[in-house]
Amino acid sequence: MSQDTFVGAIDQGTTGTRFMVFDHGGEVVANAYEKHEQIYPEPGWVEHDANEIWRNTKHVINTALDDAGLSADQLEAIGITNQRETTVVWDAETGKPIHNALVWQDRRTTDRVEEIQAEDKVEWIREKTGLECDAYFSATKAEWILDNADPIKLSRSRPEDVRDRAEDGELMMGTIDSWLIYKLTGNHITDVTNASRTMLYNIHENEWDEELLEEFNVPASMLPEVRPSSDDDFYGTTSDVGFINADIPVAGALGDQQAALFGQTCFDEGDAKNTYGTGSFMLMNTGEEAVASEHGLLTTIGFQRSGEPVQYALEGAIFITGAAIEWLEDMTLIENAAETEELARSVDSTDGVYVVPAFTGLGAPHWDGRARGTIVGMTRGTRREHVVRATLESIAYQTRDVAEAMEADSGIDMGALRVDGGAVKNNFLCQLQADIIDTDIVRPVVDETTALGSAYAAGLAVGYWETLDELRDNWQVDREFEVDPDADYEANYERWNEAVARSEDWARDGGD
């Protein structure tokens, strides 16, 4: 390993794409970011243009390298981390998507999910996949695209043959990692963590499940090959991409939350982290055991290294946290996210106001796809400061919902919780989080741990890092937020649960 070589990471998120370059100490040496359009064709529908994502990926790679004065041949490997569940179907010959990607937040298949629930197939799906039957996951999204993609846009298609072409292997389906691996290498590959989020993958047998493929009418010929998250054999190289003038191994991939688990060096059973992004996702490493949840959590694959067993995790998926702060901007209650800390500190409490940001339904532990955003407790004296503080508190309350479920399922009392993501720059939120869940919060120096985790996975595969202990040595604390012994949020938390109850099932019977 040369001191002049590095590992790159593509971090393809819900709102934008980032490329970061890390040195052997896990320090950032290059960074570029580009947003992409959020497409809302109808209420509750969310789409992305996969071609725009690819264009932005190329742009941020070139920009990051150019700004840092690096050449592509200084990269020993590239890792990928991505928004999970978001689903793309593309033409195998032209490489063009047949429809916009359906984003993990998209709720258009809620009716289909309720049909499955009415058929008493929820537990059957959970036993195979570890997942709740929900529109969140990829299975119903792929099914919808095959049933609804406009065949006129397929230059070689007759109007009736979209599914025929899928059966014949002429269409490919994948999550965003698969799309980027395909565009970078020409190979149709995903990793175990992303496969485990499709609701088509048996996490116990570690293979695509024939019965689930039949249930959702998704041909096996569309699916990518499933490989380890850190793959000594690589997924391919960039030799034929054109815009990168180097033969770089693409050797690691993890869904964004599993990447954050890896980047936070939660390699041991019982280690836990929470990532605050568009949504928030708490994961606890459960080792080689897939712990079944009885409290509304997901059992998922945490990561896998080449030649080693799969490591599992319990996950609490909260759909809207950072996106609630973006909503405050959209409503012109704030000018930027940094303003929330000052506004929240300017009042002693929310004055009885509670915000439930169920804009796309409620995830763990409630799993209500028809819940909708709610504000309760407002009076004529309510000011924007109260609403802003209530929005920050909603992030912490939702995290407590998940933390209590996680402790109940695992039987493990959570120690200090490692946190990352954009929202943890807010010191007020971090202290509030510690007080509401009664657990110390630890923020690392490098808070872009999703990108770091995918870089670690790729770097381990090519020998840039040799051992997990090297990665543990890289992890450094920026600040620890200890529980304030005088803080008492018990009564507030009870009222929070009442507010959640009022948001539930709101979109029933045309309520969208």
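**Notebook: core, helices and cysteines**

I began with phenylalanine 216 and, setting aside its neighbours within four places in sequence, found it in contact with Arg112, Ile116, Ile125, Ala139, Thr140, Glu143, Arg163, Met199 and Leu200. I note here that the model is a predicted one.

I then looked up the largest nonpolar core, which has 129 residues, and saw that Tyr136, Leu200, Phe216 and Phe262 are the ones that touch the most other members. Helix H12 gives the most to this core, with eleven residues. Apart from this core lies another, of 36 residues, and among them I listed Ala30, Trp179, Ile181 and Ile244.

Next I turned to helix H4, residues 138-148, and asked how enclosed it is by the rest of the structure. Nine of its eleven residues are buried, so I wrote H4 down as largely enclosed. The buried residues of H4 are Ser138, Ala139, Thr140, Lys141, Ala142, Glu143, Trp144, Ile145 and Leu146. For what covers them, I recorded elements including strand S6 (87-91), strand S7 (101-102), helix H2 (110-118), helix H5 (162-167), strand S8 (171-175) and helix H8 (210-216).

I also checked how helix H9 (residues 256-263) packs with helix H14 (residues 449-462), and the angle came out at about 75°, with the axes 7 Å apart. That angle makes H9 roughly perpendicular to H14. On the H9 side I found Asp256, Ala259, Ala260, Phe262 and Gly263, which meet Thr449, Thr450, Leu452, Gly453, Ser454, Tyr456, Ala457 and Leu460 in H14. Sorted by kind, the residues of this contact divide into seven nonpolar, five polar and one charged.

In helix H12, which spans residues 384-410, I looked up glutamate 385.

Last, I went through the cysteines. How many disulfides are there? The count comes to zero, where a pair would need its sulfur atoms within 2.5 Å. For cysteine 266, the closest cysteine sulfur is in cysteine 430, and because the two sulfurs are 16 Å apart, I noted them as too far for a bond. Cysteine 266 is buried, with a relative accessible area of 1%, and cysteine 133 is likewise buried, with a relative accessible area of 4%.

Conventions. Residues numbered from 1 in each chain as written. Predicted model: local features only at pLDDT ≥ 70, side-chain atom pairs only at ≥ 80, totals over all residues. Heavy atoms only, no water. Helix = DSSP H or I, 4+ residues; strand = E, 2+ residues; numbered from the N terminus. Buried < 20%, exposed > 50% of the residue type's maximum accessible area, 1.4 Å probe, protein only. Axes fitted to C-alpha atoms, helices over the stretch in contact; angles between N-to-C directions. Parallel < 35°, antiparallel > 145°, perpendicular 65-115°, else oblique. Contact = heavy atoms within 4.5 Å. Nonpolar A, V, L, I, M, F, W, Y, C, P; charged D, E, K, R; others polar. Core = buried A, V, L, I, M, F, W, Y, C linked by side-chain atoms within 4.5 Å.
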